[in-house]
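Please read the following walk through the model with the structure open beside the text.

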Amino acid sequence: MATGRTHRPATRSRGIPEATVARLPLYLRALTALSERSVPTVSSEELATAAGVNSAKLRKDFSYLGSYGTRGVGYDVEYLVYQISRELGLTQDWPVVIVGIGNLGAALANYGGFASRGFRVAALIDADPAMAGKPVAGMPVQHTDDLEKIIEENGVSIGVIATPAGAAQQVSERLIAAGVTSILNFAPTVLSVPDGVDVRKVDLSIELQILAFHEQRKAGEEAAAAASSSSGSSAAASAVASVEPAAGTGTGAAPAAAVEPPAGRAAAAARKGGPEGDVPAVMPA
């Protein structure tokens with residue numbers, strides 16, 4: 001079986017944009033779910049919805065793979081699974097080492113998704129001498145003193161760093177010196193690496209902070225909407241009060257007289273005897 005040290009994905013040489021590469025795993029996950037349900041074909045709209053992208057973007061991404069689907073039929077699910085897996089380099093074995101077997105590192109070691117996606121955890125490494133030899137996820141933890149030897153013997157090109165922030169840079173330098181060319185970094189720090197080394201950073205605290213920002217914004221929008229609604233109700237009440245006669249006051253009659261209709265004014269004049277208060281010309285018998 002081929003190993004990661006001798007075979008690397010051809011995505012860059014074929015000119016596939018990084019944004020497209022980042023979406024390929026999303027398509028693969030959706031397609032794998034369809035395959036497990038024995039769905040033979042899928043339309044671009046259905047697959048785009050399942051992957052969380054728009055269909056135009058999906059079709060553009062697939063054009064880089066040379067896959068255009070069939071009008072009226074859609075895409076062949078099994079073929080796309082193979083095509084994307086091959087493009088991502090998942091049709092071969094990728095040995096991985098995890099450095100830092102604390103709570104997070106142990107959780108990663110126990111994650112069952114690595115093997116099903118073409119990644120084999122070759123070794124678990126930690127700097128704590130007390131951890132050496134202890135089994136985690138069915139594998140004995142090895143000491144960092146043996147890091148270079150482990151990488152060479154297993155042909156490792158991908159390293160996972162789950163150490164505290166202060167140790168991450170030194171660990172990355174040792175991994176790179178030993179031949180690792182891709183790093184998945186869970187440590188809360190930015191790594192400085194030479195050209196030719198790819199680093200993907202996963203920072204859970206940053207993701208939570210971004211979510212907190214959105215929650216705060218939504219709360220602010222809701223408060224503003226509530227304040228606006230309350231202000232509108234108060235303004236409407238004030239407008240009604242401004243034209244409503246004040247009961248029980250001397251000023252209440254004046255507005256009524258001011259808007260009395262013409263017919264009402266004529267009748268009043270007749271009762272009072274005309275404009276000057278004269279006796280009306282017609283008297284009751």
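**Charge pairs, rings and surface**

Six salt bridges are counted, a salt bridge being a side-chain nitrogen of Lys or Arg within 4 Å of a carboxyl oxygen of Asp or Glu. The model is predicted, so local features need pLDDT of at least 70 and side-chain atom pairs count only at pLDDT 80 or more, while totals for chains, interfaces and linings use all residues. Residues are numbered from 1 along each chain as its sequence is written, and side-chain values use heavy atoms, with hydrogens and water left out.

One of the salt bridges joins Arg23 and Asp61, with 2.7 Å from N to O. Because Arg23 belongs to helix α1 and Asp61 to helix α3, this pair ties together parts that are 38 residues apart in sequence. Helices (H or I, at least four residues) and strands (E, at least two) are DSSP runs, numbered from the N terminus. Both Arg23 and Asp61 are buried. Here buried means under 20% relative accessible area, exposed means over 50%, and partly exposed is in between (1.4 Å probe, protein chains only).

A salt bridge also links Asp93 to Arg120, where the closest N and O atoms are 3.1 Å apart. Asp93 sits in the loop between α4 (77–87) and β3 (94–99) and Arg120 in strand β4 (residues 119–126), so parts 27 residues apart in sequence are tied together. Asp93 is buried because its relative accessible area is 11%, whereas Arg120, at 36%, is partly exposed. The side chains of Asp203 and Lys201 form a salt bridge as well, at 3.6 Å from N to O. With a relative accessible area of 12%, Asp203 is buried, while Lys201 has 36% and therefore counts as partly exposed.

Next come the aromatic rings. A pair of aromatic rings is described by the distance of the centres and the angle of the planes. Rings of Phe, Tyr and Trp (its six-membered ring) pair if their centres lie within 6.5 Å; planes under 30 degrees apart count as stacked, over 60 as edge-to-face and the rest as tilted. By this rule there are three aromatic pairs. One of them is Tyr27 with Phe62, an edge-to-face pair with 5.0 Å centre to centre and 75 degrees between the planes. Tyr27 is part of helix α1 (residues 18–36) and Phe62 of helix α3 (residues 55–65), so the pair ties together parts that are 35 residues apart in sequence. Tyr27 and Phe62 are both buried.

Phe62 also forms an edge-to-face pair with Tyr75, at 5.1 Å centre to centre and 85 degrees between the planes. This pair links distant parts of the chain, from Phe62 in helix α3 to Tyr75 in strand β2 (residues 75–76), 13 residues apart. The relative accessible area of Phe62 is 0%, which is why Phe62 is buried; Tyr75 counts as buried at 5%. Together, Tyr27, Phe62 and Tyr75 form one aromatic cluster.

Some positions are exposed. Where is Thr49 placed? Thr49 is in helix α2 (residues 44–51), and its relative accessible area of 66% makes Thr49 exposed. Glu153 is placed in helix α7 (residues 147–154) and counts as exposed because its relative accessibility is 58%.
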